[in-house]
Amino acid sequence: MEENRILEMRGIEKSFPGVRALRGVDFSLNKGEIHALMGENGAGKSTLIKVLTGVYSKDKGKISMPDKDDIQINSPQDAQNAGISTVYQEITLCPNLTVAENMYIGRGKGVITNWKKMNEDANKILRSLDIPATATQQLASCSIAVQQMVAIARAVDMDCKVLILDEPTSSLDEQEVEKLFGLMRDLKSRGVGIIFVTHFLDQVYEVCDRITVLRDGTLVGEYAIADLPRVELVAKMLGKEMDDLSDIKGEIAGYQGDIVDDVVFEAEGLQSDAGIKPFDFYIKKGEVNGFTGLLGSGRSECVRAIFGADRVLAGKVKMHGKEVKIAKPLDAMKCGIAYLPEDRKLDGIVGDLSVRDNIILALQVLTGFFKPFSKAKAQAFAEEYIKKLNIKTASADTPIKSLSGGNQQKVILARWLLMHPEYLILDEPTRGIDVGTKVDIQKLVLELAGEGMSVTFISSETDEMLRTCSRLVVMRDRKTVGELSGEDLSQNKIMETIAGGEG
Amino acid sequence: MKFDIKKLLSNQLVIPFAAIIILCLVNLGYDIVKDASFFSIEVVTNNSGNSVFSGPLITILDYGSELAILAIGMTLVTAASGGQDISVGATIAIAGSAMLRVLCGGNTRPEVLATPIIVGFLVACIVGMLCGAFNGMLVAIFRIQPMIATLILFTAGRSIAAWINNNELPIVPDPKFAYFGSFIPGVPIPTTVFIAAACIITAALLLKFTNLGLYTQAVGINESSSRLNGINPTAIKFISFIILGLCVAVAALIKVSRLSTINYSVIAKDIEMDAILAVALGGNALSGGKFNLWASILGAYIIQFLTTTLYRFKVDSAALPAYKAIVVILLVVFSSPVVRQKMQQFSSSRAAAKKEVA
């Protein structure tokens with residue numbers, strides 16, 4: 001093991017039923033460095049962290065620390081004993097206990113607690129780390145940032161050598177983030193190795209020394225911060241090499257339809273309780289546009305706000321220039337808006353119900369509680385769309401959960417098409433489905449637009465969006481940061497906009 | 001014709017029908033040994049001087065009917081909320097007590113009815129629905145687990161019922177009031193059968209002419225997805241509890257009518273467990289979602305079948321719950337995924353072995 005190394009992970013493998021979450025991932029951490037672990041959702045960051053903290057046990061691979069080669073970490077207790085501490089995104093302390101109690105809970109060896117000594121020790125640490133809290137204060141009375149710091153103080157006092165911060169900044173405001181960074185730099189100067197997991201690119205470039213990028217459970221690479229410009233980091237996370245991208249533009253068919261100058265939907269200063277900044281948005285008749293950005297950048301939250309799926313806090317919404325109120329999904333449906341949600345399993349299918357019931361559901365609800373379709377009519381609707389979208393199912397009576405992912409998605413698509421919406425929102429319609437179905441869905445989107453439907457299309461695969469959309473709204477850190485259309489629609493330009501900053 | 005045993009086994013109605021067959025066989029065996037006749041129906045003259053049908057099967061129909069009425073509501077609550085209402089017995093006491101109070105006008109031994117019976121019944125309906133609304137509010141709006149939410153009325157209900165009549169036991173003077181729990185003169189079939197039939201037909205019409213069934217199942221299976229399809233899950237759960245409240249009121253009418261008075265601590269005791277058991281016996285998942293109302297109703301009559309059979313075997317009424325418990329254990333174990341999987345493996349390996357032999 002190299003000198004100065006504090007942690008080394010080699011060839012880590014971890015599988016779950018049906019998924020290989022980590023495939024031979026290497027990771028190393030030096031003394032006194034802040035190391036960013038980057039990747040999109042599902043890239044394997046969390047799994048790697050959980051292997052390191054003993055929440056999961058690894059299938060293969062070796063974890064080494066200076067004093068011991070190949071340590072076995074099978075429980076969070078093992079990790080703590082090895083000097084690995086974690087501070088999670090959500091505070092995992094007890095708000096009704098005092099700061100000192102929180103710092104020492106579960107660590108006493110004897111039956112008797114020396115309260116005085118405990119409080120004194122706690123105060124000493126708080127002072128040394130410059131944390132604005134006192135030992136006897138109730139934790140709930142501290143701000144979230146201070147609570148986060150107390151969690152870190154607890155970790156530090158447990159004599160940790162490796163500190164893992166898993167998205168610690170997502171619930172903090174700017175000043176609080178600054179304070180946290182101060183504490184991180186302080187710990188760094190004391191020789192603690194810090195693993196920093198975050199979605200915020202700006203923050204990575206502000207405090208980190210090195211970056212490890214994961215994608216689809218594999219290691220993309222490890223870079224010094226100075227050697228990896230933002231755009232390249234984004235490219236690495238998305239899995240597109242910069243050099244390959246320049247010529248893709250030529251292959252894109254693009255959207256060919258006529259866009260009539262009729263604004264179907266318009267939103268002004270729309271904001272929901274899902275934590276996105278207010279945004280403006282519009283779509284014209286026959287237009288296909290999209291929200292792009294890294295996962296977690298707020299693109300799904302935007303369309304959920306449009307559909308009323310999250311609680312709308314502020315903003316004006318117009319359909320064909322007339323102001324309407326969309327407070328819940330049914331309001332949106334009445335306006336002719338349909339929404340295919342991102343999470344098919346959780347928000348889309350009604351698993352135990354038949355394909356037929358799943359197809360008619362939205363139109364049935366729109367038609368009314370007291371006007372159920374006759375069995376024959378429902379069957380006719382179902383059969384029409386099973387044929388139209390080429391859904392592979394034994395019969396319309398088959399429960400939807402026994403269909404393959406791609407066919408389930410087609411059923412949900414059928415559900416919304418049956419409603420004959422004016423404006424169709426598709427959030428990740430092609431995720432996790434086979435290539436053939438993907439192409440089918442892309443073609444369908446363009447066909448629908450040709451018939452005059454407005455479509456908003458969201459996909460993690462940028463080339464898919466380039467192929468279908470004529471205008472892209474770019475999101476970063478939960479706000480819109482740009483809009484691209486025409487000549488600007490290229491992989492490079494999108495990545496530059498996503499990366500922002502000095503690019 | 002090929003007999004597809006696998007398909008048959010996967011049918012929801014296989015358990016209730018198997019239970020009926022087993023119970024019939026047991027009774028048949030008893031008949032042969034003891035030279036008795038379980039399945040015969042006689043015409044006898046009852047206390048009121050009417051000629052009515054009598055026999056174990058009539059008893060099953062009579063007492064199974066009140067359970068069947070409750071099973072309707074319990075099925076909907078189970079499907080929508082994924083939990084059960086355990087306050088049914090206590091709310092029957094409340095609704096029944098309110099009805100007595102209105103009918104007797106606050107007197108313990110009135111000479112005549114203070115209000116027509118229909119008014120008393122309507123009051124019971126309102127009280128039943130209010131209790132349902134209270135439970136529904138806790139479950140749908142405050143998202144408390146149904147069993148915990150209904151524990152409140154389960155605990156307090158009988159005291160509330162006693163309080164409504166100042167802990168006295170008024171007796172309804174009108175003999176007509178007793179018809180609901182026994183027989184209408186000139187009709188040899190128990191009135192409860194007609195009441196249950198009316199309730200079942202109403203429920204069937206409700207399911208046919210509204211989307212209650214589709215919405216309830218959708219909410220029970222996937223609440224988030226239902227909401228995104230424009231359904232209001234809160235309202236659907238709430239409605240299911242209100243409907244159960246109505247069923248409770250009807251059951252209260254029958255229960256109070258049987259005695260023409262009330263016994264706060266005993267009336268409809270443990271009936272919620274039988275109602276839940278009816279839903280489970282029908283093969284409906286107690287975790288909610290898809291449901292089959294007919295199976296639950298069948299389940300209700302089977303439970304009464306079992307109770308009557310046990311009485312016939314001279315099982316002490318105090319020991320009855322223990323026997324029912326055995327049935328519940330068998331039922332739950334046989335319908336558990338673990339056993340089902342094992343059974344399927346067994347049947348498929350047998351099929352494979354047969355093929356090899358051939």
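Predicted model: local features only at pLDDT ≥ 70, side-chain atom pairs only at ≥ 80, totals over all residues.
**Entry 1: a helix over a sheet**

I started with helix α11 (residues 299-307) of chain A, which lies across β10, β11 and β13 (312-319) of chain A and runs at about 110° to β10(A). Helices here are DSSP runs of H or I with at least four residues, strands are runs of E with at least two, and both are numbered from the N terminus. Axes are lines fitted to C-alpha atoms, for helices over the stretch in contact, and angles run from 0 to 180 degrees between N-to-C directions.

Residues are numbered from 1 along each chain as its sequence is written, while chains are lettered from A and ligands numbered from 1 in the order in which they are written.

Next I looked up the sheet under that topic. I found an open sheet of four strands in the order β11-β10-β13-β14 (chain A), paired antiparallel. Two strands pair if DSSP finds at least two bridges between them. β11 (279-284) and β14 (322-324) of chain A are at the edges with a single partner strand each, so one side of each has no neighbour in the sheet. From one strand to the next, the twist averages 20°.

I then checked one pair. Strand β10 (residues 263-272) of chain A and β11(A) are antiparallel over five bridges, and Phe265(A) stands opposite Ile283(A) in β11(A).

**Entry 2: another sheet in chain A**

I also noted an open sheet of three strands, in the order β2-β1-β4 (chain A), with antiparallel pairing. Its edges are β2 (19-30) and β4 (60-64) of chain A, each with a single partner strand, so one side of each is left without a neighbour in the sheet. Ignoring direction, neighbouring strands of this sheet are turned by 10° against each other on average. I counted eight bridges between strand β1 (residues 5-16) of chain A and β2(A), in the antiparallel sense. Ile12(A) stands opposite Val25(A) in β2(A).

**Entry 3: a buried strand**

Why is β7(A) largely enclosed by the rest of the structure? Five of the five residues of strand β7 (residues 193-197) of chain A are buried, so the rest of the structure largely encloses it. Buried means that 20 or more other C-beta atoms lie within 10 Å of the residue's own, exposed means 12 or fewer, and partly exposed is in between, with C-beta atoms placed from the backbone. In a regular strand the side chains alternate between the two faces of the sheet. Here I see Gly193(A), Ile195(A) and Val197(A) pointing one way from β7(A), with Ile194(A) and Phe196(A) pointing the other way.

Strand β3 (residues 34-38) of chain A runs parallel to β7(A), joined by four bridges, and Ile34(A) has Ile194(A) as its bridge partner. Strand β6 (residues 162-166) of chain A pairs with β7(A) in the parallel sense over five bridges; Leu165(A) stands opposite Phe196(A).

**Entry 4: chain B**

I moved to chain B, which has 14 helices and two strands. Its radius of gyration, taken over C-alpha atoms, is 22 Å, close to the 21 Å from the globule rule (2.2 Å times the number of residues to the power 0.38) for 358 residues, so chain B is as compact as a globular protein of that length. Of those 358 residues, 46% count as buried.

Where does chain B touch chain A? I found 18 residues of chain B in contact with 23 residues of chain A, contact meaning that C-beta atoms placed from the backbone lie within 7 Å. α8 (212-221) and α9 (223-228) of chain B are the elements that give two or more residues to this side, and α9(B) has the largest share, five residues.

I also checked a helix pair. The axes of α5 (residues 117-141) and α6 (residues 146-164) of chain B come within 9 Å and cross at roughly 145°. Among the residues making the contact are Phe134(B) of α5(B) and Leu153(B) of α6(B).

Most residues other than glycine have a negative phi. Asp477(A) has a positive phi of about 45°, and it sits in the loop between β18 (471-476) and β19 (479-485) of chain A. Ala268(B) has a positive phi of about 50°, in the loop between α10 (233-259) and α11 (271-281) of chain B.

Is each one buried or exposed? Asp477(A) counts as partly exposed, with 18 C-beta neighbours inside 10 Å, whereas Ala268(B) is buried, with 27 other C-beta atoms within 10 Å.

Methods: Contact = placed C-beta atoms within 7 Å.
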